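Here is a short briefing on selected features of a protein structure. Look through the sequence and the model, then read the points below.

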Amino acid sequence: MGVVRAEPTRVTDWAARPVGAAWRSFDIQLTVYATLLVAIGLAMAYTNSVESGSTPLEAGTTFSRGLMWAGIAAVTFVLATLFDYHWLRTLSWPVYAFQLGLLALTLAIGDGVGGSARWIAIGPFTFQFSELAKILMIIVLANYLASRESRLDSLRTILGACVLVGPPLILVMLQPDLGTSMVFGAILAGMLWMSGASLRWLAVLAAGVIAMIPIAWTYILRDYQKERLTSFLAADKDLQGAGYQLYQSQIAIGSGGWMGKGLTNGTQSQGDFLPVQTTDFVFAILAEELGFIGAMVLFGLVTLLLWRVLIAGWRSRDPFGTMFAAGLASMILFQLVVNVGMVMGIMPITGIPLPFVTHGGASLVSMAIGLGILQSINIRQTRAEW
Amino acid sequence: VNTYLDGRREPVRRLSRFVVFGLIVVLGVGTLTARLFYLQIANGTQYAALSTANRTVLEPIPAPRGLIYDRNGRLLVTNIPTFSVKIRPSDLPNSQRDEVVTRLAALLKKDAADINATIDGNPGSAFDLVRVAQDVDQATANLISEAGFDLPGVQVAVEARREYTDGPMFSQILGYTGPVSAEQLPDLRADGYQPDDLIGKMGVEKTYETELRGTYGSQSVERDATGRRTQVLQTVDQAKPGDSLTLTIDTKVQDEAETALRWAMKKIGMTRGVVIAMNPQTGEILAMVSLPTYDNNLFSRGISAKDFQKLLDNEDKPLLNHATQAHYAPGSTYKLVAGTGGLADKKISSSTRVTTKGYLTLGGTKFYEWNRRGWGPCDIYCGFGHSSDTFFYQVAGMLGADRLGYWAEQYGFGAPTGVDLPGEVSGIVPTNAWKEETLGAPMFGGETYQAGIGQGYDAVTPLQLINAYAALANGGTVYEPQVVREITGPDGDIVRPFEPKVLHKMKVKQSVLRTMRNAARNTVLLRHTYNLVDLPIKIAGKSGTAEFGQRDAKGRLPYSSWFVGFTPADPVHGSFDDADSKLVVLAFAYDSRTVGNAATEIVKYFFQLHYDIKKDYRLPELLKRGNFYTND
């Protein structure tokens, strides 16, 4: 709380000031792009359900679950938009505590493949809290950086941000979920950059991180993580082992050509040559079935979405809004590049979902929360324009 | 500084940072697009081909394995369709392996350790199927194929299995088929063998593997990633069934041989024996019995580690064909070599008399006559007929080790006969060169004496011994013995007709062999072989008693008995002056230790059965145990 105390304390700073919502500032474009991206995700869920031989609308198929989560995400988006984001500034510390709690809980009772702890079962569903934790991290960081707006040049601010990101990052690392902890790092980097922090100190920080890599490699990373990180470099050397998936996904993508094989016609997916095709490798199926054109549509939509997110950040007169937009954009961009890069064999294999498209409720709902908050920021700027 | 109307300072937003961020977005998405273009457009054709190759594979179509008949066309092995259970290790998650194997073991009523050993011994990669059980009954097969979800990686396949009609009776000859081993696989891949393929492991199944296997066909098949066949697209090559074999073996003769051997073994309590019957005019083996034996169906059904270990642990080595894969001291039967050599090298003539006595002394060592008396002056008929040791010590001494060895080799000893059965050993013919090489010293005189009477270093396989007597009986032609007579193609054409194979003709005059045949007849006439002379057929032959192993507390050595006999073409009226014999029979009674010669009784019983002699000439009292053959 020391950080907050450093501010000249005024009662009004402790509670959100009610600001009337200006609905004409609601970004329709942003909503449309997000909706189209979700539609692409649902199309991929549909093709997966058909190819696995089930009736798509039956309960329990990837598609019907996708529809349900899309519905939940839509509701969440609306609720987040209606929610006055200023309260997030007030509640920043409880939000931080909540985030750490979720991650600790996941670590304690979570399930996962091969002894990891990633999912928590809620009724018949499993939920990956680390997805939600990313959005919560953005909120906490945005509040911290906004509150230190005038001292962004100082090393203390940068170090403070690092200290804030540290505990959740370590908790995620312990799951172990290397991919998500890297997303935390990307969020931090993007937000520090956009906050206008001193280039000199950022350079020092970057150098420090690079210096840490050999240490992390030797003492922190487990063998299978190293193998995943490096296997893409020599995928063609080990086709039956770690390289198999990469090899198969590149075949899937490459065989798609300009137009693709058509939705539900992917032979790589039908034959089950491609493992985890509904989750982290969904882009391979997209490229196989919808081709270069389809993938370009996806890239275009994500780029447009990022543009709208940045626009929202630029327009925000509240530094919190700018910072939040920066964090969200960093997260989306990082996940897009790492996920798609991984599927195409130019990035290491990490379990990072493709925003909107990867089938998974937590990722989609978290994204809806993020975009909802962004819209809430959009419509709650009272800058006089007359 | 910009300020808002409500008086707050406008936040610091640096355009440069936004622009750089935007550039990073463009750079990131641009890189992805470039890579995508490279994969999909620049190399799309290549990946499309890989994608097709992924789905369609050439799968082999197994060819029906050739059948095996006896010489009269009796079917000895058939192929029957059975269910096999196979595992693809790559589809069996490690975490579930124990559970799956335990469940599978319970369903198959097998040992989980056996299944694990099979999976670990898989000759192929983790993506190749491993056969963990064969000959699974239909109910179990159904159960397993329906439990697919609980048994990941487990498949049920229909395969042909070898069913050996008579089981143990022909095991030593037919052998069996079994899974290709990890050591074999690399060499066999080029010939189209699959990691889960079966291959002849023993007997003619092994010798004639190429012919029996046929040519596998191939079909192009669409499959999914787990290798499950989704549909057969087309047959590329039809499978060509394997050729069938017709053996030289006559089931009736085989049965007579086994009956005779089993009778004596039971009577004596003996555990190991061999009987072989051959046609000396062609080298065809009519019967070959090696006991104890095993059931080759155990192997074709997939033998358990426990059963296999039991066979391996048996002291009498049931898996070994003792007729060809083991060698033993030949005892007095080997006097044929010294006798023939002495006559051929003119050390003696058919009328030369050699003095036989209680013992000979050489270098201070006494070399005893077996009856400790001898028969006084003795010609070859007397010496061979009474099986005089002192006679043949002297003849061997006259020949010397090298000439003795030469004549042994003339009879085919010291080298594999070349019979079409795997794993034949060559035996030992001791010569100076052999001893120099193995023991670093020349043969001593006493050792040559011993070699002359089939003791000491001499070692022969039963098949070599009968083949030598076959050469005697046919007038000096050493044939390569054969168990497969003809090879027939799938359409019934004879691919390879029967042809006797001559190894060599002995460099010896017919008169010498005639003398030796009549000397062998004299063995019978002199009642050295008890009442064999009383049978209504004419038999010539030679018995032998061979010591081996360690002396017991009373200084007695265990010993085995041999007998090799043959009949003229006309067994009732024929003469041993002629070399027209069509039947030579050998019996070997390992560790018999009987008061009489057990092998002679076996051959006698065989002849009774073979020539349908109603009167029983067997002398069971000779088969009592008793160490009469003591030696110091």
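Which residues make a nonpolar surface patch of about 490 Å²? In this predicted model, the patch is made by A:Trp23, A:Val75, A:Val78, A:Leu79 and A:Leu82. A:Val75 sits in helix 4 of chain A, which covers residues 62-82.

**Helix packing in chain A**

- Two packed helices are described by the angle between their axes and the distance between the axes.
- Helix 7 (residues 129-147) and helix 15 (residues 319-343) of chain A have axes that come within 8 Å. These axes cross at roughly 145°.
- The crossing of helix 7 and helix 15 of chain A is right-handed.
- On the helix 7 side of chain A, the contact residues include A:Ile135, A:Ile138, A:Ile139 and A:Ala142. On the helix 15 side, they include A:Phe320, A:Met323, A:Phe324 and A:Leu328.
- Sorted by class, the contact between helix 7 and helix 15 of chain A has twelve nonpolar residues, three polar and one charged.

**Salt bridges**

- Side chains of opposite charge can pair when their charged atoms come close.
- Over all chains, a search of the whole structure finds 32 salt bridges.
- B:Arg65 forms a salt bridge with B:Glu205. Their closest N and O atoms are 2.8 Å apart.

**Backbone details**

- A cis peptide bond joins B:Leu291 and B:Pro292, with omega about 0°.
- B:Pro292 lies in the loop between strand 12 and helix 11 of chain B.
- A:Phe356 is not a glycine, yet its phi is positive, at about 75°.
- A:Phe356 is placed in the loop between helix 15 and helix 16 of chain A.

**Around B:Asp128**

- Where is B:Asp128 found? B:Asp128 is in the loop between helix 4 and strand 4 of chain B.
- B:Asp128 and B:Lys86 are 42 residues apart in sequence. In space, they are 9.7 Å apart, C-alpha to C-alpha.
- Leaving aside neighbours within four places in sequence, B:Asp128 is in contact with several residues, among them B:Ile87, B:Arg88, B:Asn122 and B:Arg189.

Conventions: Residues numbered from 1 in each chain as written. Chains lettered and ligands numbered in written order. Predicted model: local features only at pLDDT ≥ 70, side-chain atom pairs only at ≥ 80, totals over all residues. Heavy atoms only, no water. Axes fitted to C-alpha atoms, helices over the stretch in contact; angles between N-to-C directions. Helix = DSSP H or I, 4+ residues; strand = E, 2+ residues; numbered from the N terminus. Left-handed = near helix turned anticlockwise from the far one by under 90°. Contact = heavy atoms within 4.5 Å. Nonpolar A, V, L, I, M, F, W, Y, C, P; charged D, E, K, R; others polar. Patch = residues over 30% accessible without salt bridge, like charges linked within 9 Å, V, L, I, M, F, W, Y side chains within 5 Å. Areas by Shrake-Rupley, 256 points an atom, 1.4 Å probe, with all protein chains shown as cover. Salt bridge = Lys/Arg side-chain N within 4 Å of Asp/Glu carboxyl O.
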